[in-house]
Amino acid sequence: MENAIVLAAGSGRKVWPYGEFRQKCTIPIANKPIVRRTVENLLEIGCQRIIVVVGHHAQQVRGAVGDIPNVVFVTQQTLDGTASAALIAVEHLEAEPYLVIHGDTVTTSENLRNFVKAFCASDVEAAALVQPLGSEDASDWLCAGIGTADGNNGSLSTVTGIEGHPRGGSYRLCGVYAFQSSATPYLLRNPGIVTSVPVGGMPPPESEIAQSLQLMIDDGRTVLAVQTSDFFVDVDKPWHVLEANRRCVEYLAKQVTEDRIADGAKISDAAEINGHVVLGKNTVIGPRVVVNGTLIAGANNNITNGAILHGNIYVGDQCRISDYCDVESSAIGNRCIIGHGAEMSGVLFDKVYLYHYCEMSGVFGCATDIGAATVCGTLRFDDKDTPIQVEGRYEVPPSGANATYMGDYCRTGVNAIIMPGRRIGSYSVVGPGVILYDDVPSKTMVMAKQELITKPWGPERYGW
């Protein structure tokens with residue numbers, strides 16, 4: 001499989017507050033843009049020509065992968081669906097098989113390799129990667145029915161039909177497809193709307209590749225179904241950013257079976273290391289640091305003076321983690337500061353400062369400054385998960401429901417309290433003393449209005 005098409009043009013509205021001012025496909029997962037991870041995986045499994053379809057915030061995608069050889073870009077002028085996007089790229093390919101993969105998916109090269117291997121071993125015109133839904137709600141996804149059919153080498157697992165956001169189901173489409181060139185006309189015949197929906201379903205007028213698969217099935221063509229063999233996250237909602245980082249850091253940590261210390265890196269004899277560490281050049285672990293788990297840190301980091309790290313932690317370059325802070329399993333960007341008494345769990349994008357005494361849990365955007373004593377609530381009094389409104393529809397995330405989701409370039413004042421499951425748009429401020437019960441739109445400041453009582457006081461109050 002030498003040809004691959006990466007779809008990275010969509011507007012990413014559902015992932016707010018992260019898709020408004022950045023292309024969703026460039027959201028960092030373990031400090032690397034999603035689309036770059038995807039392209040590197042494709043190169044690893046042998047793809048030699050990769051066409052990236054861009055549109056919304058196209059320059060950000062070019063900046064993320066433009067330095068990689070064998071990558072070319074085409075532009076989707078009208079964001080009218082994935083089938084239309086794929087067709088734009090297919091025009092630049094010869095009559096050969098090709099992969100199509102959504103640029104907002106996070107997985108491993110093993111998953112893609114197994115998918116390609118299964119497709120090449122079967123005599124079919126199309127294949128789709130599918131994943132068991134587990135505890136997830138079928139109505140949140142494009143779903144597939146799975147059955148069996150006879151093939152040249154025995155029975156095949158096949159897609160028996162697709163249904164958009166159904167009321168029930170067992171498998172969802174992952175947004176990874178393989179096609180022979182003979183299947184391309186089905187992309188062209190796509191009606192521009194998903195007609196395979198439940199009664200009362202209301203699909204938007206967009207050309208989904210899934211509907212092209214349904215056209216093939218209706219014509220008696222076999223569509224191979226290949227189940228995921230490793231983790232797979234479709235970054236569609238803000239909590240998927242948290243999940244994708246967690247799953248990716250766990251995966252990277254499992255690859256670490258021994259300590260790896262680069263030139264100039266040091267570990268103090270007064271540090272307590274209970275696990276494995278991977279340290280980039282000139283990274284220092286200083287006195288009284290406790291590491292319980294796997295730590296992967298880049299170059300020029302200073303981890304010192306009683307910092308406590310537990311779980312799987314991935315750190316970028318040029319960070320300071322110090323002064324008795326407490327960091328649980330996290331992905332931490334470049335040039336971040338986690339300082340005195342700060343507690344952190346989740347994801348920090350680049351240059352996030354937790355300077356002093358705060359408790360943060362969730363995803364925090366680039367260049368965000370957290371005021372002292374800012375606290376994120378993570379446990380409701382009723383012990384339930386927080387429903388989060390996405391595009392006017394309330395959903396209860398299967399994980400990360402009570403985390404905080406803060407966009408890029410934000411600030412909080414001292415003693416701000418953020419209630420569970422709140423989202424804060426980019427370029428926004430949560431002022432000092434605010435108890436935040438509602439989401440904050442982008443480019444908004446929220447301040448507390450204080451009522452004061454002033455009255456006379458003095459020595460006479462004490463009998464003088």
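Start by selecting Tyr409, which sits in the loop between β32 (404-406) and β33 (411-412). Keep in mind that this is a predicted model. Check the backbone: phi of Tyr409 is near 60°, positive although the residue is not a glycine. Tyr409 counts as partly exposed because its relative accessibility is 42%, which falls between the 20% and 50% cut-offs.

Now show the side chains of Phe21 and Tyr427 as well. Ring pairs join Phe21, Tyr409 and Tyr427 into a cluster. How many aromatic pairs are there by this rule? The count comes to 8.

Next, go to Ala373, in the loop between β28 (369-370) and β29 (375-376). Here too phi is positive in a residue that is not a glycine, at about 70°. Is Ala373 buried or exposed? Ala373 is buried, because its relative accessibility is 11% and the cut-off is under 20%.

Move to Pro17, in the loop between β1 (3-8) and β2 (28-29). Display the peptide bond between Trp16 and Pro17: the bond is cis, with omega about 15°.

Select Trp141 and Arg172 together. The charged end of Arg172 lies over the Trp141 ring, 4.2 Å from the ring centre.

Finish on the surface. Select Ile417, Ile435 and Tyr437, which make up a nonpolar patch with about 290 Å² of accessible area together. Zoom in on Ile435, part of strand β37 (residues 435-436). Its relative accessible area is 43%, so Ile435 is partly exposed.

Notes. Residues numbered from 1 in each chain as written. Predicted model: local features only at pLDDT ≥ 70, side-chain atom pairs only at ≥ 80, totals over all residues. Heavy atoms only, no water. Phe/Tyr/Trp six-rings, centres within 6.5 Å; stacked < 30°, edge-to-face > 60°. Lys NZ or Arg CZ within 6 Å of the ring centre and 35° of its normal. Patch = residues over 30% accessible without salt bridge, like charges linked within 9 Å, V, L, I, M, F, W, Y side chains within 5 Å. Areas by Shrake-Rupley, 256 points an atom, 1.4 Å probe, with all protein chains shown as cover. Salt bridge = Lys/Arg side-chain N within 4 Å of Asp/Glu carboxyl O. Helix = DSSP H or I, 4+ residues; strand = E, 2+ residues; numbered from the N terminus. Buried < 20%, exposed > 50% of the residue type's maximum accessible area, 1.4 Å probe, protein only.
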